[in-house]
Amino acid sequence: MSERFVCVHAHFYQPPRENPWLEAVELQDSAFPFHDWNERITEQCYAPNGASRILDGEGRIVDIVNNYAQISHNFGPTLLAWLEQRRPDVYASVIAADALSRQRFDGHGSAMAQAYNHMIMPLANARDKRTQVIWGIADFRRRYGRAPEGMWLPETAVDLETLAILAEHGIRFTVLAPSQAARVRRRGARTWRDVSGSRIDPSRAYTVRLRGGSSQIAVFFYDGPISRAVAFEGLLESGERFTGRLMSAFDDARTWPQLAHIATDGETYGHHHTSGDMALAYALRQIESREDVRLTTYGEFLRRFPPTHEVEIVENTAWSCVHGVGRWWTGCGCNTGRPGWNQEWRQPLREALDHLRDALAPAFEAGGGELLGDVWAARDAYIDVILDRSAATRGSFLLEHAARPLGPEEQARMWKWLELQRQTMLMYTSCGWFFDEISGIETVQVLRYAGRALQLARDLGVGEHVEARFLDLLAGARSNIAEQGDGRAIFERHVRPATVDLAKVGAHYAITSLFDGYGERSRIYCYRVERMEQELLSTGMAKLATGRVRVSSAITEEAELLSYAVLHLGDHNVHGAVRPTRGDERYAEMRKGLRAAFDRGEYPEVIRLIDRHFAGGTYSLKQLFRDDQRRIIDEILHGTLAAAEASYRQVYERHAPLMRFLRDISTPQPEALLVAAGFVLDAELRAALGAEPLDLTRIRALVAEVDSWGIPLKSEELGYVLEKKIDGLAERLAERPRAMEVLEELDSAAQLARALPFRADLWKAQNVYHALRSTAAEMDGEKDDADWLAHYRRLGEALGVRP
């Protein structure tokens, strides 16, 4: 029997969700109770796969494993950047897995690179293809400390030019869908065999000859039926069935070393299919325990068994469009299934973005060429600055790529030109076309990248004529939702108001300074704010802030000195304005007049003076960046909600005896009384779940009281509150593993979580418990040790972990 190998590939990716002006993902209410969708999917998928559970027959955890170390995978560079900043623990598990896999797979890591920002490569021009590959490789090298062997192509979209660029930059292989193979032949043979229609044998690697045969690249074609079963047919509902299906890919009739391999979105393992990571971990454990098959990575398999056959690919195809790559430029018919809608908007959207890219390229060559040597080589190298915006990296970049020594203003222009090019690539992120409606958040996101590029172009003096034509083309993209109109209207409604400049950052600082205590130097997302002077006056609820700040961008290094004045009359009533500073005397005059009017309590006069001194736009809470806006609104609402809670409490406490009587005689409760009871009990339960320490008796009594009235619990929200409480206790135990009081409190909280009628995710506590095995093993039988071990075992039972 020939040698047999299994390789599971997972493509982990999220579309970039960062606000292009802030370089951060803002609050997304649709992801509640999480901050945003990156955070939600991390909790459901990326974190669990770094610490996946192996269960025994009783459903208890017997081991926790890092799936990433055993499977082939790629992470989108923009997703890794987010994980590095927001979930460094998960990021560390991904990076560590590659090092572990190199030990396991004879020096071949499990991680593959990816073309940088998920651009559909066959639809890109050659210059963008090259930069996408260069940036993807550079990002990989910086994170993993090695050169990538393979590169994942977004949506597996492929053409020969893209493969040639991969090979040119040292990439040895990529992975494609079986439908992307046209014909094959044994190396050295003359006769080709037609394998179109997904008929290629996926059990071996193939070679694609490039540029007349002078170069080549290896290609693996994954097993289509098994991959579809994993992604869409519920195969992950059983780890046993998953294992069996993988093993069914082998054929005794084959005489060569066989590779059974699949490829799916990585989010399949946990986000799309709950506990999919555990089915994967189980299957990997089962396969690893067998003697007739072993796990491998593509790089290891390729080194041991070089291709014996050549393949010709079907160009301009992808794994998620049966019409080639039509899904990303036409209304080809591929969609997510909304009846009555069409996707004819896709073509005018791409035409508008192509116009923007092509019109700005010669401007970049001309304007950027005044500051840079080779502008396109500089763009390729700009990834080093994107990955590390330190002064040292910027200095090295300037030494290598600046046409001559540049002053601060010239440097700012140079960074703007390069940033403009970055935005014109980000605007081609594939998700902008994938779904059904142009006003969806994914398409609005790519339009925001275009909006940022246009703003930079205007700053550089080349944007106006480009924008007019761009909007005309965008007007041809009709929305399926009548009130959304067309692409131009969507741009004006969702992109234009989101634009940020230094003045808006200054306004944000000015308004939030009434609620926050800023230091001399502050950071607001990707902007630096240096306070030059400030005066804060208050009388009762009214506050007046005036000051001057220097605001600079950490991206482009542009800077401006701004003056501001903000009046707050309590609640949401804020009136502020910002403008470039016009000199000490005029600033002093403005501040003197505002102070005098404020001291007299003439607030309408204060507003009039602000409008006169700061001619132009004014700002209110509506213009704040979303996270701070929500936080300040919550602060404002706190008193209002406290008053409402007191009123509801009075109603509930006064009428609770009557409600009990009505319940006893089986009479329906008045809705008004149930609303009051639900509001009060929910508030009390939230407070109890977050209290320090937890009052378990009180929590159980509140849950019983809620149940007695038949009031539905807000289970997901309450579970999230308890989960965060337990996470905090677990972190404390990890820091002080022998602290008996912490162990006891975590034990009590975990016991409570098991008894409550809503689910709290115990993932972090289970990880900490599992990591304490070495501490438990060190116990020597003394009384204190015996008490600790007893609580440790009890905690394990509550957490569902076998001691």
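This report looks at a helix pair, one further helix and one glutamate in a predicted model. Local features need pLDDT of at least 70, side-chain atom pairs count only at pLDDT 80 or more, and totals for chains, interfaces and linings use all residues. Residues are numbered from 1 along each chain as its sequence is written, and side-chain values use heavy atoms, leaving out hydrogens and water.

Here are the helices we will visit (DSSP runs of H or I, at least four residues, numbered from the N terminus).

| Helix | Residues |
|---|---|
| α3 | residues 88-104 |
| α10 | residues 346-367 |
| α20 | residues 584-599 |
| α21 | residues 603-613 |

Let's start with the pair. The axes of α20 and α21 (lines fitted to C-alpha atoms over the stretch in contact, with angles from 0 to 180 degrees between N-to-C directions) come within 8 Å and cross at roughly 165 degrees. That makes α20 roughly antiparallel to α21 (an angle over 145 degrees). Contact here means heavy atoms within 4.5 Å; among the α20 residues that meet α21 are Met590, Leu594 and Phe598, and the α21 side includes Tyr603, Val606 and Leu609.

Next comes α3. After α3 comes Asp106, with a positive phi near 60 degrees.

Finally, Glu365 sits in α10. Leaving aside neighbours within four places in sequence, Glu365 is in contact with Arg127, Val375 and Trp376. The C-alpha atoms of Glu365 and Trp376 are separated by 8.2 Å.

Methods: Helix = DSSP H or I, 4+ residues; strand = E, 2+ residues; numbered from the N terminus. Parallel < 35°, antiparallel > 145°, perpendicular 65-115°, else oblique. Expected span 1.5 Å × (residues − 1).
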